[in-house]
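We will go from stop to stop, with a word on what to look for at each.

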Amino acid sequence: SLYIFDQLLPQTFTDDDNFFLVGGDSFKLLKLQNKLVHEFGLELSLADILPNLTVAQQVNLLYNRKNVRCPILQISDPEEAKGTLILLHP
């Protein structure tokens, strides 16, 4: 999801930033939905995405879906202040 956010948003963000608070709008939300559906082969509605507006929440949403086409690995070190590393393997 991180690279998808990066394509849609005009400013830098962290994996815990809300999509709308870092430059997202309703048109970009529709683009986000479309990109997530195409990239991961999932049926995702706006109702699925709206409660999950951070990269971290979307990784959890995608990871918990049974038919994800590519494995997602989220690596977090609670003692590391730099955040979370999210890996996507096609």
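Start by selecting Glu43: at 68% relative accessibility, this residue counts as exposed, because exposed means over 50% relative accessible area, buried under 20% and partly exposed in between (1.4 Å probe, protein chains only). Before moving on, note that this is a predicted model, where local features need pLDDT of at least 70, side-chain atom pairs count only at pLDDT 80 or more, and totals for chains, interfaces and linings use all residues. Residues are numbered from 1 along each chain as its sequence is written, and side-chain values use heavy atoms, with hydrogens and water left out.

Glu43 sits in the loop between α2 and α3 (46-49); helices here are DSSP runs of H or I with at least four residues, numbered from the N terminus. Now show its contacts, meaning heavy atoms within 4.5 Å. Leaving aside residues up to four places away in sequence, Glu43 touches Asp48 and Arg65. Between the C-alpha atoms of Glu43 and Arg65 there are 9.6 Å, and along the chain 22 residues.

Is Gln33 buried or exposed? Gln33 is buried, at a relative accessible area of 18%. Beyond four places in sequence, its contacts are Leu44, Ser45, Leu46 and Ile49.

Last stop: the largest nonpolar core has 19 residues, and Phe5, Phe19, Leu32, Leu36, Leu44 and Ile49 touch the most other members. Such a core is a set of buried Ala, Val, Leu, Ile, Met, Phe, Trp, Tyr and Cys residues joined through side-chain atoms within 4.5 Å.

Conventions. Helix = DSSP H or I, 4+ residues; strand = E, 2+ residues; numbered from the N terminus.
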